[in-house]
Amino acid sequence: MIIKSEYNIGDTVFYWSDKERKILRGVIDAISFFYHNNGEISWKYYIKEYSQKDKLIMSEPVSEGLIFKDKDEVLTFAAEITQILF
């Protein structure tokens with residue numbers, strides 16, 4: 001079985017921070033996956049805020065659906081959320 005993540009350790013991404021309650025720029029520090037009984041795989045990415053990437057702080061766990069590769073994906077996500085709310 002080959003398991004491949006969409007993101008890699010060291011990738012710079014944008015993500016929704018539950019701690020800060022906003023979208024931040026960060027670096028993926030670690031990746032874990034969970035294999036469920038029904039055969040599904042779910043990913044959890046641990047991301048450090050970009051401005052603190054070299055400091056010894058805990059990485060924040062983030063689900064794959066709340067990670068964005070670039071600013072265009074962030075804007076698309078914001079537009080979709082706005083349409084749902086209003």
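Author: Start with the elements. A helix here is a DSSP run of H or I with at least four residues, and a strand is a run of E with at least two. By that rule the protein chain has one helix and five strands. Keep in mind that this is a predicted model.

Reader: What makes the order of the elements along the protein chain?

Author: Numbering starts at the N terminus. Read from there, the elements run β-β-β-β-β-α.

Reader: Why are Tyr 7, Val 13 and Trp 43 said to be part of a nonpolar core?

Author: Core members must be buried, of a listed residue type, and joined through side-chain atoms within 4.5 Å. Ten residues make up the largest such core, among them Tyr 7, Val 13, Trp 43 and Ile 67. Strand 1 (12–17), strand 2 (22–35) and strand 3 (41–49) each supply at least two of its residues. Strand 3 gives the most, with three.

Reader: What is Val 62 in contact with, beyond its neighbours within four places in sequence?

Author: Contact takes heavy atoms within 4.5 Å. On that test Val 62 touches Tyr 15, Trp 16, Lys 44, Tyr 45, Ile 47 and Ile 67. Val 62 itself belongs to the largest nonpolar core.

Reader: How many residues of the protein chain count as buried, as a percentage?

Author: Buried means under 20% relative accessible area. Of the 86 residues, 24% are buried.

Reader: What makes a side chain count as positive or negative?

Author: Lys and Arg are positive, Asp and Glu negative. That gives 11 positive and 14 negative side chains, with the centres of the two sets 6 Å apart.

Conventions. Residues numbered from 1 in each chain as written. Predicted model: local features only at pLDDT ≥ 70, side-chain atom pairs only at ≥ 80, totals over all residues. Heavy atoms only, no water. Buried < 20%, exposed > 50% of the residue type's maximum accessible area, 1.4 Å probe, protein only. Charge placed at Lys NZ, Arg CZ, Asp CG, Glu CD.
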